[in-house]
Amino acid sequence: MRFGFHKLKKRNSALITVSIGAAIYVGWMILGIIRDVVIPHLTRCDYVRNSNGIVSAVCDLTTLGGTLTDIGIGTIIAILLFKIQADQSERLTKVTRNVTEKVYSRNVEYYTCDIQFDEPEGTDPSEAERRARERGQKLVDEIKHDASRVEKIIIEGRGDAYHLTLKEGTLKITLPVIVQQNFGTLARSSRIHIQSTSFAMLDKILSVENRQYWDLQWHVTPKYDIHNLISKILEATGKSPSSKSGTGQGGNTRWDMADYPISPGYGAIVIRLAPSYIALTYQNKPMNGGFYKAHKIFLPEKLVSILFGEVPITELREMIKQSLEP
């Protein structure tokens, strides 16, 4: 309890320091407006040079009215001017963000999502694999049970899958694929890949039992010009992608994929840009961790606006926090 008390005391001290700093800053701004705008307007000053060449100002303060009334009015004017400036700055930020979001708005052709169930190996990897496969198969069977039509297919690069028709729409879902993962301790993981043109379908699957997922992609039209987008993000923010790939060599390289980490304090959450899709990926999630609501909170144009630095860090952190909460 003593340790917790000291942590709370330090946190409160930090908040007080920040609050005092903010108050000083606001006060400084108001005093500056009073000094530069209000006082010169309410007083009359003459400038004289003495025999030694020194210039001094002689101000007639009686024009202030002989009471504090005019100073009070001036202070109110200063506060209003400060508020107007702050409001204009906030509006400009919103307009800039809205412009970016409209320019990079895209039609979503379909969504993809990757779900993963993790089971620690312990001393029995085979049993961990059995449990992971069972959890994954249970999800597939539950969704398949409600389908009015079931067709076996193969999704390129993903393997065996079903094409299902349900009342909310159609979807493709793979059979569980087992992989070994290292979360600091080894685990067997059952991975399931889902594709759907229906957001309602995707939301229903993810909302039942608060299912977690680690990768979410919006496949869009028209395509992104990734090479040009990387250059514009660099120009706007000074930030380069943590990794990128392309075709060609040297100065003739044309970039067509880029990753941008966006989440200090939340592991490696990354926005991935590709010509036909934009993705949000939790690359370094804890065991059985991941997103719950990212599909409800983020949109392609919002992600691009984040990359351009137009979303305040406090707002971005809150969005990430909400996307990770059941």
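View 1. Across residues 1–11, pLDDT remains under 50. For this stretch, the predicted model has zero contacts beyond four places in sequence. For the protein as a whole, the average pLDDT is 82, and 70% of the residues score at least 70.

**View 2. The largest pocket, with a volume of about 270 Å³.** A total of 15 residues line the largest pocket. Nearest its centre lie Lys239, Pro261, Ile262, Ile306 and Leu316. Two or more lining residues come from each of the helices α5 (226–237), α7 (300–307) and α8 (313–323) and from the strand β11 (254–261). Sorted by class, the lining of the largest pocket comprises 10 nonpolar residues, four polar residues and one charged residue.

**View 3. The second largest pocket, with a volume of about 220 Å³.** The lining of the second largest pocket consists of 13 residues. Among them, Phe117, Arg135, Glu209, Arg211 and Gln212 are the closest to the pocket centre. The class composition of this lining is three nonpolar, five polar and five charged residues.

**View 4. Strand β3 and helix α3 at the second largest pocket.** The strand β3 (107–120) and the helix α3 (125–145) each contribute at least two residues to the lining of the second largest pocket. The largest share of that lining, four residues, is supplied by α3.

Conventions: Residues numbered from 1 in each chain as written. Predicted model: local features only at pLDDT ≥ 70, side-chain atom pairs only at ≥ 80, totals over all residues. Heavy atoms only, no water. pLDDT = per-residue confidence, 0-100. Contact = heavy atoms within 4.5 Å. 1 Å grid on protein atoms, 1.4 Å probe; cavity = no way out; pocket = protein on both sides within 12 Å on 5 of 7 lines; lining within 4 Å. Points joined across faces, edges and corners; volume = space filled by probe spheres on them. Nonpolar A, V, L, I, M, F, W, Y, C, P; charged D, E, K, R; others polar.
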